[in-house]
Amino acid sequence: MAVEIVQDKRRGRIDYRYCSPLHMLAVHERGVRHDGCTEIEGLPKSTLQDCSRKLVFVPAGHTYHDWHEPRTLSRVVFFYFNPVQLAISPLGGSQSSLSPRIFFEDNATLQTALKLATLIEGGDSDHRQYLEALGVVLAHELVRINTGTRRAEAQPSGGLAAWQRRKAVAYIEEHLAEPISLEALARLVGLSACYFCRAFRQSLGMPPQRYQLSQRIERAKTLLAKRAASVTDVGLTVGYNDTSAFCTAFRRVTGLTPSAYCRHFS
């Protein structure tokens, strides 16, 4: 296992890109972003703003890209695991099929990771055996999380199954500018509205309505950057009949008005 601690010292856009034969666990100890997007191959992208105490897992061979403009200076701890080492260790489970996960919460894994980071920063060689033991525990946690993910997809007690997530996200994208009821989305994947809302949030880090809003704003940002239409027309395209309501929603998410966003990226 290798560990890298990254702490922002300045404001401004920051990009992380990763694709490697090693598994990567990113522990967002703190960080609220003004704007940004996180993508892992095989999962819908996330524009979650408050990433504090959230975890991201990127299996070996998967492409990862995160960019953000920080509202607060962030601190992220990256852990890298050799899949071969995991496969021959007495951990049990199926390390060959670890699944990607984006902005999830798991307190046991978080606490273990933060203890490791604290020991590494301290540089105290007297704690080497404890550090190595924590590393083994963290590897166990990865397998436990992966087992839990598979159970959640197979049983109705966790987040959405992969096919349900794909179907719901695709439907939202296809009807981005239209009002979408929770009941309609739930029926689409065969769940009750109450359970669907909880499972959707667990899988994508936000409720369905907020996800649709974030995707509307992402689409608007793309259109504004192309400067192919007026602010009013862009608002209409993404579902806002009232320009004032569009400007308010856009500013709430990005911190800029649509016009200011155009000037910023011109």
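M24 has V58 as its bridge partner in β5. The two strands involved are β3, residues 23-30, and β5, residues 54-58. Five bridges pair them in the antiparallel sense. Strands count as paired if DSSP finds at least two bridges between them. Strands themselves (E, at least two residues) and helices (H or I, at least four) are DSSP runs, numbered from the N terminus.

This is a predicted model, in which local features need pLDDT of at least 70 and side-chain atom pairs count only at pLDDT 80 or more, while totals for chains, interfaces and linings use all residues. Residues are numbered from 1 along each chain as its sequence is written, and side-chain values use heavy atoms, with hydrogens and water left out.

The β3-β5 pair belongs to an open sheet of five strands. The order is β1-β7-β3-β5-β8, and the pairing is antiparallel. Which strands stand at the edges? They are β1 (2-7) and β8 (101-104). Each has a single partner strand, so one side of each is left without a neighbour in the sheet. From one strand to the next, the twist averages 15°.

Helix α2, residues 107-122, packs on this sheet. The helix touches β1, β3, β5 and β7 (75-81). Its direction makes about 85° with that of β3. Such angles run from 0 to 180 degrees between N-to-C directions, and axes are lines fitted to C-alpha atoms, for helices over the stretch in contact. Contact here means heavy atoms within 4.5 Å.

Now look at β7. Six bridges join β1 to β7, and these strands run antiparallel. Seven bridges join β3 to β7, again antiparallel. V76 is the bridge partner of V6. V76 is also the bridge partner of H28. How many residues of β7 are buried? Seven of its seven are. Buried means under 20% relative accessible area, exposed means over 50%, and partly exposed lies in between, with a 1.4 Å probe and protein chains only. R75, V77, F79 and F81 point one way from the strand. V76, F78 and Y80 point the other way.

A second open sheet has three strands, in the order β2-β6-β4, with antiparallel pairing. Its edge strands are β2 (14-18) and β4, each pairing on one side only. The twist averages 5° from one strand to the next. Five bridges pair β2 with β6, residues 64-70, in the antiparallel sense. In β6, W67 is the bridge partner of D15.

Is T47 buried or exposed? T47 is buried, because its relative accessible area is 13%. Leaving out residues up to four places away in sequence, T47 touches R33, G36, C37, M206, S214 and E218.

Q215 lies in helix α7. Its relative accessible area is 5%, so Q215 is buried.

Next come the packed helices. Helix α4 (residues 162-174) and α6 pack at about 95°, with their axes 11 Å apart. They are therefore roughly perpendicular to each other. That label covers 65 to 115 degrees; under 35 counts as roughly parallel, over 145 as roughly antiparallel, and the rest as oblique. R165, A168, V169 and I172 in α4 meet F196, F200, S203 and L204 in α6.

The structure holds seven of them. Rings of Phe, Tyr and Trp (its six-membered ring) pair if their centres lie within 6.5 Å; planes under 30 degrees apart count as stacked, over 60 as edge-to-face and the rest as tilted. The rings of F200 and Y211 have centres 5.7 Å apart and planes at 70°, so this pair is edge-to-face. F200 lies in α6 (residues 193-204) and Y211 in α7 (residues 208-226), so the pair ties together parts that are 11 residues apart in sequence. Both residues are buried.

Y240, F246, F250 and Y261 form one aromatic cluster. The charged end of R216 sits over the ring of Y240, 5.4 Å from its centre. A charge sits over a ring if NZ of Lys or CZ of Arg is within 6 Å of the ring centre and within 35 degrees of the ring normal. R101 lies over the face of F104, at 4.3 Å from the ring centre.

Last, the whole chain. There are 10 helices and eight strands. Buried residues make up 47% of the 266 residues.
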